[in-house]
Amino acid sequence: MSDTFGRGVQSRIYLDGVSGRRPRVPTDARRLEEAARRKLSARAWAYVAGSSGTERTARANREAFERRRIVPRMLRDVAERDLTVELFGRRHPAPLLTAPIGVLDLAHPDADLGVAQAASALGIPFIASNQASVPLEDTAEAVGGSPHWFQLYWSSSDELVASLVGRAERAGAEAIVVTLDTHSLGWRPRDLDLAYLPFAEGRGIAQYTSDPVFQRLVAERASRPAQPSTQRITPAAVATLVSLARNHPGPFAGNLRSLTPRVAVQTFLDVFSRPSLTWEDLAFLRGLTALPIVLKGIQHPDDARRAVDAGIDGVLVSNHGGRQVDGAVAALDMLPPWSRRSAPTCRCCSTAASARAPMCSSRSPWAPVPSRSAARACTAWRWRAPLGWRRCCGT
Ligand SMILES: Cc1cc2nc3c(=O)[nH]c(=O)nc-3n(C[C@H](O)[C@H](O)[C@H](O)COP(=O)(O)O)c2cc1C
């Protein structure tokens, strides 16, 4: 880890500087973002960087981080810095996970495989998106022995849900993350103004096209009499057909002649997500798998409590980076109310998850962390303990 992380990377850069080499990738996040904008196509940039409506939620997320300031403490012996955390029975080198990101091939041809390998090199868990550009079995192989999780969009076909979860289990995923905030796609003006949805050209649907249940749904749809097409034949329509053929599994020439790539996209649009999902449906998923289940998109403490009651193992406090509800509260700002509600005891550790959760202090919400090991332990429970972790972590 040390060579690929923090001080190790810094030392390597300075050492390279001695022989006149500078880093190819900007180390300042703002310059990195600008470099990405220059590199990506207008459509790819719109999809990656855009969020919903007036993008207030995305701004709120950043501002919430801007408002926080760190008060450094001194003389604490930091010669050995230990960032390790334990999550679901596995120790990780740092309290970080890669967020599930769909359609990664918009950003780089290596797509999910590149991110999976990078996560594996750092030893941090890779979360394969349900909208990935490559099947989850391939990313599972790319991470080698490193941990990986699977993010699920709950489809309108429960059979497809069961199939995806089964595949994730067989591929060695260590947790299932269910994203709840995208039962319908947010109103994203940057994409809308370009009339661009990557899925429409067959991108980001590899988990579906590689799935036997989905393939059967496609075959069933294809066997029904086709609606007459209202699409005009324009250069853009032809380009879309070419993209469809390129992005669909199998030989390009065959795909170009076949209706299947197009029917696959239509089938995907039919089944993508189930807006009628309720808390009661979680029992179905709980019955499908013994893997830890993490709900992504939870923001209200009451929802976190319900998750715990439903036997859920963890939550990811998130608003999808502002890509769904414009005007939503910043995810970071929702953490303090959780901790206040959980006072006076540190329930993140003692109640929320399981007996494996360590006990922390029962001090007031903003009290200093009692000890380094307790702080570490609480950080470890950050994802699975919906109640009051923040206080324990002293952040
Ligand atoms: C281009 C892009 C694609 C994304 N695709 C997915 C996805 O497929 N599944 C998912 O659950 N979240 C997806 N997200 C949301 C991220 O996982 C994450 O929630 C977001 O970047 C904000 O980070 P946060 O949740 O840590 O606040 C995507 C975000 C971006 C920017």
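Colleague: What does the protein average in pLDDT?
Modeller: The average is 86, and 84% of the residues score at least 70. pLDDT is the predictor's confidence in each residue, from 0 to 100. This is a predicted model, so local features need pLDDT of at least 70 and side-chain atom pairs count only at pLDDT 80 or more, while totals for chains, interfaces and linings use all residues. Residues are numbered from 1 along each chain as its sequence is written.

Colleague: And where does pLDDT stay under 50?
Modeller: Over residues 342-395. The model has 107 contacts beyond four places in sequence for that stretch. Two residues are in contact if their C-beta atoms, placed from the backbone, lie within 7 Å.

Colleague: OK, the big picture. How many helices and strands does the protein have?
Modeller: There are 19 helices and seven strands. Both are DSSP runs numbered from the N terminus, with helices being H or I of at least four residues and strands E of at least two. Of the contacts with a separation of 6 or more, 69% are between residues 24 or more positions apart.

Colleague: What share of the residues is buried?
Modeller: 38% of the 395 residues. Buried means that 20 or more other C-beta atoms lie within 10 Å of the residue's own, exposed means 12 or fewer, and partly exposed is in between, with C-beta atoms placed from the backbone.

Colleague: Let's look at α4. Which of its residues are buried?
Modeller: Thr 57, Ala 58 and Asn 61. They cover an arc of only 115° around the axis, so they sit on the same side of α4. That arc is taken from the directions from the helix axis to the C-beta atoms. Glu 66 and Arg 67 are exposed on the other side of α4.

Colleague: Why would residues three or four places apart point the same way?
Modeller: Because an α-helix has 3.6 residues a turn.

Colleague: How far apart are the end C-alpha atoms of α4?
Modeller: They are 16 Å apart, in agreement with the 16 Å that its 12 residues, 56-67, should span at 1.5 Å a residue. The expected span is 1.5 Å times one less than the number of residues.

Colleague: Is Asp 77 buried or exposed?
Modeller: Asp 77 is exposed, because 7 other C-beta atoms lie within 10 Å. Glu 55 has 17, so it counts as partly exposed.

Colleague: Last one, Gln 324. Where is it found?
Modeller: In the loop between β7 (314-317) and α16 (335-342). Gln 324 is buried, because 23 other C-beta atoms lie within 10 Å. Leaving aside neighbours within four places in sequence, its contacts include Ser 52, Asp 181 and Asn 319.
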